[in-house]
Amino acid sequence: MNQIIMPENIFIGKNLVGNEIEHITRTLGDIRSIFEQNDRITAQQADQTAYKVSSYLPEKEGTPGGLYFGITRLCAGLVGDEYFMTKGHFHANTDTAEFYWGIEGEGVLILMDEQGNIKGERMFPGSLHYIPGRIAHRVANVSDSTLSFGACWPSNAGHNYDIIEQNGFTARLKKMNGKPQLI
Ligand code: PAN
Ligand code: ZN
């Protein structure tokens, strides 16, 4: 029988909903170590949500040729003079690429190659960002409201957080004279 069915998982407006969607929350306490002035995060602030990721992972992790889809919602705020940001990572399978796109709010996508060269791309509703393999990626929210962005990456990409945890990015996105600057 030829049947037309409803998809199990849907992307409505800014939300990814469905039985197969996985949700994770990162609090400021979880990501404390990425901020330069992390001693400014009080015990009370440590429980505050920094960002949430909803992901649709229809293939088993590691499957070559498959794709994953995710929406990240990054809260607005500063730790000292540094904007709230995602942990950032290289892909474990180093040659795998990724697309990001802006959905709501204003941010900066920070890209760093393996030599530590850095560049920032403005993120805004409708902006589209191609992240080639071997490029670490992190997003900072530079607005006063939530920044949402989409992501699509290969199911065999994996995440290597260790390199960034140990060495960080070679520049930080700071609010200087009211404006974002990579320093
Ligand atoms: C994204 C990120 C997401 C959260 O889905 O995983 O924005 O950022 P961190 O993983 O750096 O905490 C992605 O890049 N996937 O590959
Ligand atoms: Zn990624």
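Helices (H or I, at least four residues) and strands (E, at least two) are DSSP runs, numbered from the N terminus. The structure discussed here is a predicted model, in which local features need pLDDT of at least 70 and side-chain atom pairs count only at pLDDT 80 or more, while totals for chains, interfaces and linings use all residues. Residues are numbered from 1 along each chain as its sequence is written, chains are lettered from A and ligands numbered from 1 in the order in which they are written, and side-chain values use heavy atoms, with hydrogens and water left out.

Begin with Arg73, which belongs to strand β5 (residues 67-74). Contact means heavy atoms within 4.5 Å. Leaving out residues up to four places away in sequence, Arg73 touches several residues, including Lys14, Asn15, Tyr51 and Thr146. With Asn15, the side chain of Arg73 makes a polar contact of 3.1 Å. A polar contact is a pair of N or O atoms within 3.5 Å; within protein, one must be able to donate a hydrogen and the other to accept it, and residues adjacent in sequence count only if both atoms are side-chain atoms.

Next comes Glu98, in strand β8 (residues 98-104). Is Glu98 buried or exposed? Glu98 is buried, where buried means under 20% relative accessible area, exposed over 50%, and partly exposed in between (1.4 Å probe, protein chains only). Glu98 has no salt bridge, and the nearest side chain of opposite charge, Arg26, is 13 Å away. For charge, Lys and Arg count as positive and Asp and Glu as negative; His and the chain ends are not counted. A salt bridge is a side-chain nitrogen of Lys or Arg within 4 Å of a carboxyl oxygen of Asp or Glu. The side chain of Glu98 does have a polar contact of 2.9 Å with that of His91.

A polar side-chain atom of Tyr100 lies 2.7 Å from an oxygen atom of ligand 1. From Gly88 it is a backbone N or O atom that lies 2.8 Å from a ligand oxygen.

How many salt bridges does the structure hold? There are 7 salt bridges. Side chains of opposite charge can pair when their charged atoms come close. One such pair is Glu104 and Lys14, with the closest N and O atoms 3.5 Å apart. Glu104 is in strand β8 and Lys14 in the loop between β1 (9-12) and β2 (15-18), so the pair links distant parts of the chain, 90 residues apart. Glu104 counts as partly exposed because its relative accessibility is 23%, and Lys14 counts as partly exposed at 39%.

Glu36 and Lys174 form another salt bridge, their closest N and O atoms being 2.5 Å apart. Glu36 lies in the loop between β3 (21-27) and α1 (43-46) and Lys174 in strand β14, so this pair ties together parts that are 138 residues apart in sequence. Glu36 is partly exposed at 45% relative accessibility, whereas Lys174, at 12%, is buried.

Strand β14 (residues 173-176) runs antiparallel to strand β15 (residues 179-182), and 4 bridges join them. Two strands pair if DSSP finds at least two bridges between them. Lys175 stands opposite Pro180 in β15. The two strands form a hairpin with 2 residues between them, and Asn177 in the turn has a positive phi of about 50°.
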